[in-house]
Each structure stands twice: as C-alpha cells, then as structure tokens.
Amino acid sequence: MSPKRIVLRFGTDISVKPIVYRLVKDYDLVVNIVKADVNPQKEGTMILEVTGDQSEEGLNYLRDIGVSVQALNQEIVRNEDKCVMCGMCTGICPTGALYMERPSMEVRFDGDQCVFCQLCVKVCPMKAMEVCL
Amino acid sequence: MSVEKTYAEINAKIKSGKAVVVTAEELIALVEEKGLSKAAQEVDVVTTGTFAPMCSSGAFLSLGHTTPRMKMQKVWLNGVSAYTGIAAVDAYIGATEMHEDDPLNSHYPGEFRYGGGHVIQDLVARKPVKLKALGYGTDCYPRRNLETTITLDEINEAILFNPRNCYQNYNCAVNLTDRTIYTYMGMIKPHLGNANFSTSGQLSPLLKDPHFNTIGVGTKIFLGGGIGYVAWNGTQHFPSMMNVEGKGQRSSAGGTLALTGDLKQMSPRWLVGTSYLGYGATLSVGIGIPIPILNEEIARYAALKDEELYAPIVDYGEAYPSFTPGNLGYVSYAELKSGKIKVNGKEVLTAPLSSMPRAREIASTLKGWIQKGDFQLTEPVKTLPSPTDGFIAHSIKEA
C-alpha cells in the first residue's frame, strides 16, 4: 500500500492535542512526519505520510475535530503558461521536486516529492509557482 | 581549400530557399561528424538564442497628443513611472522601474511584483494600460492633468530600445557568507549552498562570435519575438578575452549589445516581466542572432562547445558587493549545465537563470525564418569594439 501524503492545518486549540498519537493508537496507522511546524498559541501545519487500512477513518477523525486535511500534490501547482523553464527554482527546491531533465534542461515538477515549503512560490521570477487553495 | 563566402552569396541562397541553416547546437554535432572544413563549406548560417533577464531594457513610447495639448512632465503607466525628460508626449518606460506603491525592500526580501518590465509585457500582450500624466502648463501645452487608458495599437510609436542586452558571458554566483542573500543572480544560500549562472552557453549569441567578426551595428536579429537590430555596442561593453586559469584556455569576458526594434510586432512570450525576490523587477528578453559562415574561422568560433566556454565563479556575499577583484576559479558551461560544480573543494548544486529550452526555441524559430526566405542577413554598417580594442572598465572616483 502506498502512503498518502497529506497537509494538515489547524488552529491553536488543536496544537495542544496529541493528534499523531491518536492516528497511530486508534486507527493503527503508520505515520511519517515529513515536516511539522507546531507551536503553542500558533496555527500549525504538518505534512504526513500515512499508511494503513483505516487511513480514511483516521483522516475523518482529524476533519471532525477541525483539522483541514488536503492531499499534498494539490497544493503547489506550476502555471505552465507563465513558466519559462529558466530552472532557477531547481537550485533551491529542498527535495528535488523541481528538477531539470538533462540534456534538454527542461524543468519538471514532481508533486509527490513536494513538501510544500513554498520557497519556489517566493523565488520564481515569473510567479509561475502557485499555491492552489 | 578553405571556404570564403560573402553576405551577398548567402543572401542569394536564402532568397532561392537553398541556404543551409543550422542552430549553434546542430553545428557542433555537424563539426563532430564531418570535421570543421566540411561543416564550414556546407553551412551558410548558424542561429543562436538566449532568453534571460536583461535589466537595461525599456521602450520609448510616443503617446499621442491630447485635447487641449499637454507637455507631460510626469507619466505613470499602471502606476509605474516613465521618464519624460524628452519631448511633450514621449516617455521611456524602463524595465526596472517599480510601481509607485511598491514596498521595495522595506519588508525584506521584497517581492517586487510589478515594474516596468511587466508594463512592457502587458502592452505587448495588448492589455489596456492605465496612463496618468501631469503637466505644468505652458502657452502651447496648457493641460495639466490626464487619466485614461491606452493600448499598444492606439499609441503612435513604441520602440523597444535596450541599452545593454545579450551579455556575452556572466559570473557564476555563489555565497561564502553565513546568511542567505537575494541578488540579481537570484537567491543564494549561505556556505556555498547553491550556485546560479546565466547565459545559454553554446547557444549564446556573443559567445559564438567572440571577436565580433559578424555581429555589428545594423545586424538584423530576432528580438522579443519580432525583428530587431543591433543599434550599437551595449553599455559596459568590455569584450576582452580572459585567461581561464588552470585550464589553459581563453574565454570571452563581457561584450554587450544595444538593441532596438518596433515593439508593436513583438510578443509577450518573448518579453516577460520578471521579479527577483529581494532585488527588483526586470524584463526577460528573447534574442536570436544569425551568424553568417563567411569562412572557417567564423565556423570554428560558432562551433565552440559548452566544454570550451568558461564562466568565473564569484562570491556575491562579500567580494561582489564590496567590489573586490578576483574570483574563485573558472567553470565550464558543461559543468554548470551538469547540475553540480566544485567550489573550494565542496560540491555545489547549480541552476540557470537563463532558459535553455527557450534559447533553443529561438534558435530554431530564427532558423525557420531564414529557411523560408523571409529573413535576409545584414552586413554590419560598423563593426563593434572587439577584444583587441582594449576597452577597460572605469569606476566612479570619489573625492
């Protein structure tokens, strides 16, 4: 079974709750935390890889307590009309989700590898990398 | 026997549809297959291409007169100021001018979302552009205020005039400091975190004619998707040959071109408003220059490969801003395009600012124009300063 890659966003009330523990304990899920930014009194974001038979139930639990759950590869999109394939993003992308094919030097975007750091959104000179809400 | 061709002979072949036209990359393959002499005999024209941010770009706009007449002393296009220190309704919109309300770097690093380059792209995309003008009022030009919208087709003239484009060669930028820097070479991470380079290497126009044997004043080119011409040498035209230390080679340093053409026949695909985080806005310009293969020497230069073309590695954290001479060594475009180089013994990831796929598309578009017989070559009416002319850079002396 291939893992689901998801982005969680939640308010300060959730930040203090042990949500990952609940996913593991109550829904028997294998959880890999790819990236997490969780601080008391602040909104939190988390990127997880989740594997298990009850993954949908686990995600529904999160939704029920008020966590926004989105599939990761729907988050950052490349506007193909704006991208000129300069390749500048490939030097700063931390996971290699944005990479160049060689020798054509064409820029490719592999959404599965994206960890939603949004560095490309800030850096792209053509504003071709967009956050899709 | 070495080959000698003239512009007239090549143009006659273009006219009759018999000219052999190849891109600079195709020439490299041909030379490897058949040898230089044979390739020089067979090929009439080599096309080059580059698509990259070029800050010294802008357009002269002649907006047309109002009723009553007005001497426009201040002009804004979509909120971006244009220079009006010329005749009554003429203005020059420069690529790096920012929107009047842009926060610039006050929220560092600033986003620089909309500047003169974006205005030029909007104009050429045929979008309506807001025009605001102020005048001080004269007997012949009494009007003092104007707010309206214009389109590219409604104004009298729009002449792209770029004082410095098409840099022959450029630095590979790295950062030796311990903080991330935001430069015109992009975002560069600390401690040699990444390396950015520009120019399209073996496709780049001026790297393929390092002695300016064929590219000169009047050369007809692909500019911004339309036809343009070389107007003069560019500003900061320093076309010397640098010694590539440790490699036993010489490589072109920094010739530039001033380019001009009618904006109305250009395309928003090839004039793209560009924003550099923490640095500013600019315009990415598509340029393609044909090189007539008049003799074997010109063919030899046009066939230079990425492995034979070098860029200096420069620290943009400390050395560049403080204007400290020297560099951290040289690296070939083949290494730069491989994605990794070694600097001070450390492996560093590289990324271009210049689009190779777009450069290739320009070279092949220009090739198509010439093959169809639509595009004849022009012999320069004046040659440009070459490496032997000994141009050196001056810097500002302060008392």
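**View 1. B:K208 sits in a loop of chain B.** The residue to look for here, B:K208, is in the loop that runs between β14 (195-197) and β15 (220-223) of chain B. (Helices, H or I runs of at least four residues, and strands, E runs of at least two, come from DSSP and are numbered from the N terminus.) This is a predicted model, in which local features need pLDDT of at least 70 and side-chain atom pairs count only at pLDDT 80 or more, while totals for chains, interfaces and linings use all residues. Residues are numbered from 1 along each chain as its sequence is written, and chains are lettered from A and ligands numbered from 1 in the order in which they are written.

Is B:K208 buried or exposed? B:K208 counts as buried because 26 other C-beta atoms lie within 10 Å. (Buried means 20 or more other C-beta atoms within 10 Å of the residue's own, exposed means 12 or fewer, and partly exposed is in between; C-beta atoms are placed from the backbone.) Setting aside neighbours within four places in sequence, B:K208 is in contact with B:A24, B:V46, B:T48, B:I291, B:Y301, B:A302 and B:L304. (A contact means that the C-beta atoms of two residues, placed from the backbone, lie within 7 Å.) B:S251 is 43 residues away from B:K208 in sequence, and their C-alpha atoms are 11 Å apart in space.

**View 2. Helix α4 of chain B is largely enclosed.** Why call α4 (residues 116-124) of chain B largely enclosed by the rest of the structure? Because 8 of its 9 residues are buried. Here they are by name: B:G116, B:G117, B:H118, B:V119, B:I120, B:Q121, B:L123 and B:V124.

View 3. Follow the chain through the loop between β7 (90-94) and α4 of chain B and you'll come to B:P109. The peptide bond from B:Y108 to B:P109 is cis, and its omega is near -5°. B:L104 belongs to the loop between β7 and α4 of chain B too. B:L104 isn't a glycine, yet its phi is positive, at about 50°. It has 13 C-beta neighbours inside 10 Å, so B:L104 counts as partly exposed.

**View 4. B:H191 is another non-glycine with a positive phi.** Look in the loop between β13 (186-188) and β14 of chain B to find B:H191. Its phi is about 50°, although B:H191 is not a glycine. With 13 C-beta neighbours inside 10 Å, B:H191 is partly exposed.

**View 5. Helix α7 of chain B has the span you'd expect.** After the helix comes B:G373, with a positive phi near 90°.

**View 6. Chain A is assigned two domains.** Domain 1 (4-74) and domain 2 (76-131) come from the domain assignment of chain A, which is automatic or taken from a database. The contact between them takes 7 residues from domain 1 of chain A and 5 residues from domain 2 of chain A. On the domain 1 side, β1 (4-10) and β2 (30-37) of chain A each supply at least two of the touching residues. The centres of the two domains, taken over C-alpha atoms, are 26 Å apart. Elsewhere in chain A, the peptide bond from A:R102 to A:P103 is cis, with omega near 10°. You'll find A:P103 in the loop between β6 (98-101) and β7 (106-109) of chain A.

**View 7. Chain A meets chain B.** This contact takes 17 residues from chain A and 24 residues from chain B. The chain A side that touches chain B has 10 nonpolar, 4 polar and 3 charged residues. (Ala, Val, Leu, Ile, Met, Phe, Trp, Tyr, Cys and Pro count as nonpolar, Asp, Glu, Lys and Arg as charged, and the others, Gly among them, as polar.) The model scores ipTM 0.93 and pTM 0.88.
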